[in-house]
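Please open the model in your viewer and keep the sequence panel beside it. The tour below moves from one selection to the next.

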Amino acid sequence: MARPNLFSFATSELSQDAFTAWLLAWADPSHREADGPLHLAGLILLGRLLDAAGVARPTEIQSVNVERQWRRIDVLAVVNDAVAILIENKTHTRNHSGQLGRYLGLARVRFQEPDWKVAPIYLKTGDQCGYEDVLHAGWRCFLRGDFLGVLREGQGLGVRSDIFLDFARHLQGMEDAVQAFQ
């Protein structure tokens with residue numbers, strides 16, 4: 001019998017927001033000693049999000065501050081008080097009513113270049129036909145396969161958190177179902 005998975009019950013985008021914010025919070029250097037592998041997994045996610053957005057990774061991570069629902073943006077991670085990672089999280093829904101353009105506009109007013117770099121990420125773990133509207137709005141995609149790569153790497157580093165492992169199993173189950181259908 002399969003073991004119960006938290007994310008089989010917590011299926012909303014809010015649960016994914018919480019997990020994403022939680023893992024990014026582990027990237028802050030103050031958490032390194034509490035759980036080294038989980039800290040490294042948080043750093044991997046942070047780096048991959050920046051890569052996806054085309055924003056250079058800082059040479060050193062001095063601080064990572066994470067907020068949920070800043071100006072309705074699902075997750076905001078502020079790195080070194082110089083980089084703002086905006087995450088619009090979607091599971092089985094799509095962006096709507098111009099939200100991506102509005103959110104990016106709000107962020108660019110608050111986090112003005114050249115002092116700040118803004119990294120807008122559309123994190124999608126469900127399936128969607130196309131992403132042209134996302135790209136047109138200035139956002140970059142981070143999809144289920146990208147997230148699974150981060151989670152697999154974290155597992156390879158020895159992450160043992162039940163929350164982390166349950167989310168990895170949940171996403172892998174989604175991927176397996178899609179692959180079985182194809």
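Leaving aside its neighbours within four places in sequence, which residues is Glu88 in contact with? This is a predicted model, in which local features need pLDDT of at least 70 and side-chain atom pairs count only at pLDDT 80 or more, while totals for chains, interfaces and linings use all residues. Residues are numbered from 1 along each chain as its sequence is written, and side-chain values use heavy atoms, with hydrogens and water left out.

Select Glu88, which lies in strand β3 (residues 83-90), where helices (H or I, at least four residues) and strands (E, at least two) are DSSP runs numbered from the N terminus. Beyond the neighbours within four places in sequence, Glu88 is in contact with Arg72, Ile73, Asp74, Gln99, Leu100, Tyr103, Ile121, Tyr122, Leu123 and Trp139, contact meaning heavy atoms within 4.5 Å. Glu88 counts as buried because its relative accessible area is 3%; buried means under 20% relative accessible area, exposed over 50%, and partly exposed in between, with a 1.4 Å probe and protein chains only.

From that list of contacts, go next to Arg72, which sits in the loop between β1 and β2 and, at 63% relative accessibility, counts as exposed. Arg72 has a positive phi of about 75° although it is not a glycine.

Now select Glu113 and Pro114, which are joined by a cis peptide bond with omega of about 10°. Pro114 belongs to the loop between α4 (99-110) and β4 (117-124).

Finally, show the whole chain, which has 7 helices and 5 strands, running from the N terminus as α-α-α-β-β-β-α-β-α-β-α-α. Colour the chain by pLDDT, the predictor's confidence in each residue from 0 to 100: the mean is 92, and 97% of the residues reach 70 or more. Of the 182 residues, 48% count as buried. Along the principal axes, the C-alpha atoms fill a box of roughly 55 × 40 × 25 Å.
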